[in-house]
Amino acid sequence: ADVRAYAAVDLGASSGRIMVGRVGPGSLELTEAHRFPNRPVRVPEGLRWDVLGLYAGVLDGLRAAGPVDSVGIDSWAVDYGLLDADGALLGNPVHYRDARTDGVARTVWETVPTDELYAATGLQYAPFNTLYQLAAARNSVQLAQAERLLLIPDLMAYWLTGEQGTELTNASTTQLIDPRTRDWAYGVADRLGVDLSLFAPLRSPGDPAGLLRAEVLEETGLTGPVPVTAVGSHDTASAVAAVPAEGERFAYICTGTWSLAGLELRAPVLTEESRAANFTNELGLDGTVRYLRNIMGLWLLQECLRAWGDPELDELLREAARVPALRSVVDAGDAAFLAPGRMPERIAGACRASGQPVPETPAEITRCILDSLALAHRRAVLDAQHLAGHPVDVVHVVGGGARNALLCRLTADACGLPVVAGPAEAAALGNVLVQARAHGLAGDLDGGRRLLRRTQPLARYEPGGDRARWAAAEARLARS
Ligand code: LFR
């Protein structure tokens, strides 16, 4: 049968990978071609991405992938590179965890109050939204010299093809897009003095994004022409496209460095209640809206592991499973955990400050993190249903955390709903499916999901345990 091969470049905050998806009628097989670490670098000016290192990793990955029918690129959101009039990169892209946005939002809200900003863009407040990053950079030499701003996946696509565009799902994380028109929020940009001509024209998932340049073909050993296809270039957009759900009554949690927990909707929810609950309306495939809340996610654990000298994870999780449940919990939605460094101390400090037992051993701290994440998942899934008037029967856990059985079980218990876990490589699979679809394979969003249910191993966790304890832990946290 006719099988096509698609390279999915998926760049995450801690690693990049190039996966190859082979898609035929009724078949889908994903293999890893290359994986490499993504290590942010702290220089005197602040925290930066090693974007040339990432691009080199992409080229290595394409070489390892071998012949493919198309390439798609997704990455984390909000960050960007600036280009000068010659198309050269102006400095290393700033990491969204950099401190330059501290206190900046308040100055933006003096011009456009936060409720107006939410009504116009539907984006939850996060200090790192591109809008605030641009405000922080307002008087910088780089921004003054910039002719173009490319979000990270669009920058990679530009280097690979020489063509520039702004992919819509990722553009919606800039806080400069109106989720109703799915076009620029011209009024907001105007009032805040953001020059929208910095951005290349919008393009949508499935649109052609150029051909690999001759030098790229030479460096990767590929034979042209090889098209690059725009996908849901925000990794979360791709991951949600690969949630193997049936129908509409489902919630999802995309787990990785972050936990992104919420619903897929047909229209944004722009109410004041929704803003106060810090829910975001990001744009997804085919006119959908990703209505979700950002939760600190496995970042909390990753940072602890780093502090502990990277102990064996499976062993640590086994020990954590034996620690009594819900002894102490922290607010996993708290932006106080955003910056890197000293995470075990910060978590212990938060427990102490709220009058709870202070976790001491790595196993106790790990248990505190997983209980806290499950609790935050519960809150987000409950709040989203209420705010959107959209009830669910099941919670899908996709991304790296789908492999963490303890996290999945606790999430099922906390939500009081069955959890279906997998696929772990959801972002890469969503990336592949959009490319396949642009070639007339795999069908629409539902068709892609059906294909995933048939081809990907999924695990199911039924809710158990004492549900009242989760409500009590939640009440404890709310009081502290
Ligand atoms: C996940 C993610 C989130 C976004 C955060 C920062 O990788 O893309 O969706 O809020 O990273 O870009």
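Predicted model: local features only at pLDDT ≥ 70, side-chain atom pairs only at ≥ 80, totals over all residues.
**Exercise 1.** Work out whether the radius of gyration of the chain agrees with that of a compact globule.

*Solution.* Start with the rule: 2.2 Å times the number of residues to the power 0.38, with the radius taken over C-alpha atoms. For the box, go along the principal axes: the C-alpha atoms fill roughly 60 × 55 × 45 Å.

Residues are numbered from 1 along each chain as its sequence is written.

**Exercise 2.** Find what share of the chain is buried.

*Solution.* Call a residue buried if 20 or more other C-beta atoms, placed from the backbone, lie within 10 Å of its own. Apply that to the 480 residues and you get 51%.

**Exercise 3.** Check the span of helix α17 (residues 426–438), then its burial.

*Solution.* Helices here are DSSP runs of H or I, at least four residues, numbered from the N terminus. The expected span is 1.5 Å times one less than the number of residues. With 13 residues, α17 should span 18 Å, and its end C-alpha atoms are 18 Å apart, so that agrees. Next, burial: 13 of its 13 residues are buried, so α17 counts as mostly covered by the cut-off above. Finally, look past the helix: G440 follows, with a positive phi near 80°.

Definitions and conventions
Buried ≥ 20, exposed ≤ 12 C-beta atoms within 10 Å, placed from the backbone. Helix = DSSP H or I, 4+ residues; strand = E, 2+ residues; numbered from the N terminus.
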